[in-house]
Amino acid sequence: PIEKPAGMDVEVIDAHGCYVMPGGIDPQTHMEIPFMGTRGIDDFYSGLAAAQTGGTTMLMDFVIPGKGQRLMEAWESWNDWASKAAGDYSFHVAVTWWDDTVKEDQKTLSQLGVNSFKHFLAYKGAIMADDEILVNSFSNCAELGCMATIHAENGEIISHLQQQIFDSGITGPEGHPASRPPEVEGEATNRAIRIAEMIGIPVYIVHTSSRDAMEAVAAARARGQVAFSEVLSQHLVVDDSMYFHEDWRVAAHHVMSPPFRNKKHQESLWNALTSGTAQTTATDHCSFSTQQKEAGKNVRGSRCRRHDRPPWHARCWPGLALYRTAATRMCPCLHTLPLPASALPLPASAPSAPSHSLFSALAACRLPTTRSSARAGLPHHSQRHRRPRGSAVHPVGARRQPGQAHAQPVRRRHL
């Protein structure tokens, strides 16, 4: 039996028959973070107290200066907030802009024990680091012996896609994954890794969520580059179907960046962890309340013009899931081309709705459409019902029903 150390006020716990494990370290959290005009609802006390109940005893949080703010000023603010922490913590520090003062502060912070600096390639107009910032910061990191950490999403493309989606009338949670597709993450990951390779510093990619990004990390490691990847626990088990949940609040609660992906990307993440391509798991804990999530709910364009309801309501959102047409075009298609639910085989994952139309049924089956046929709510010609061999041909000039193949003369081929 273990004896109680003399002169120490400690508790001895009998752990016979139990697993004894060290406390976990969460390498990415954001406690009481100021972000987009609001602030995260968990502070360093409540967040760390909650973490410890699950066995995580240390958090690695992020100091994120605003544009033009001195790194040391932001560092002091975060340390003040963390003074009430219910456990151990440390900090990464983000580089969101660049001049000589940033270079000086990086050196000071490295002497205080900070050895990793984060760079956001997303959030254009706010904290996004362009290539010039990356080159300057990476070069200074090389001199200081520090590591660069990367939020890898191409902010320019995201901004462009967000505007396109917003203009099309999609403003709900279902538009979020479409504005940040896997290719956006893959490009940014590869770009950051290549810049780090040329400058000669180790690079750490946070919250790697897609096959595209993981392939860039794997390629770098195969070349012998020092590149690390982090995977979030939620990306391993939750997929993008949550953005089309019939309850807006449930869908909105899953909005995060990078977004949840199609299930096919989860296999890549699991394989990366088991093979060593990814080295860490994290939570990226950054909690906001439902009220905070509702900040952009009723903005311009968020209601279906035909039904005066949000475009993701039960009758209209199944087709929008594939982003083949705008909500204002989708609704007329859904209601002018009725189709019994039994007309096409719907998969078990198909969203339930009061009624189905040709387009919504096709969307649920994920049949490809052309640009013109999508507007009409018709399937691609290769998916239309073909006439069985030997059956009668519709007379030329006869009225064709929606979804019915064009009349064609009988052609016989000898194979």
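**View 1. Strands β4 and β5 lie side by side.** Strand β4 (residues 56-63) and strand β5 (residues 88-94) run parallel and are joined by six bridges; strands count as paired if DSSP finds at least two bridges between them. Helices (H or I, at least four residues) and strands (E, at least two) are DSSP runs, numbered from the N terminus. Look for Met-58, which stands opposite Asp-88 in β5. Right-handed here says that, with the strands pointing away from the viewer, the path from the first strand over the helix to the second runs clockwise.

This is a predicted model, where local features need pLDDT of at least 70 and side-chain atom pairs count only at pLDDT 80 or more, while totals for chains, interfaces and linings use all residues. Residues are numbered from 1 along each chain as its sequence is written, and side-chain values use heavy atoms, leaving out hydrogens and water.

**View 2. Strand β5 also pairs with β6.** Two bridges link β5 to the parallel strand β6 (residues 116-120). Here Ala-94 stands opposite Lys-118 in β6. The chain gets from β5 to β6 through helix α3 (residues 100-111), and this β-α-β crossover is right-handed.

**View 3. Helices α2 and α3 meet.** Their axes, lines fitted to C-alpha atoms over the stretch in contact, come within 8 Å and cross at roughly 45°; angles run from 0 to 180 degrees between N-to-C directions. The contact (heavy atoms within 4.5 Å) involves Leu-71, Met-72 and Trp-75 of α2 with Val-102, Asp-105, Gln-106, Thr-108 and Leu-109 of α3.
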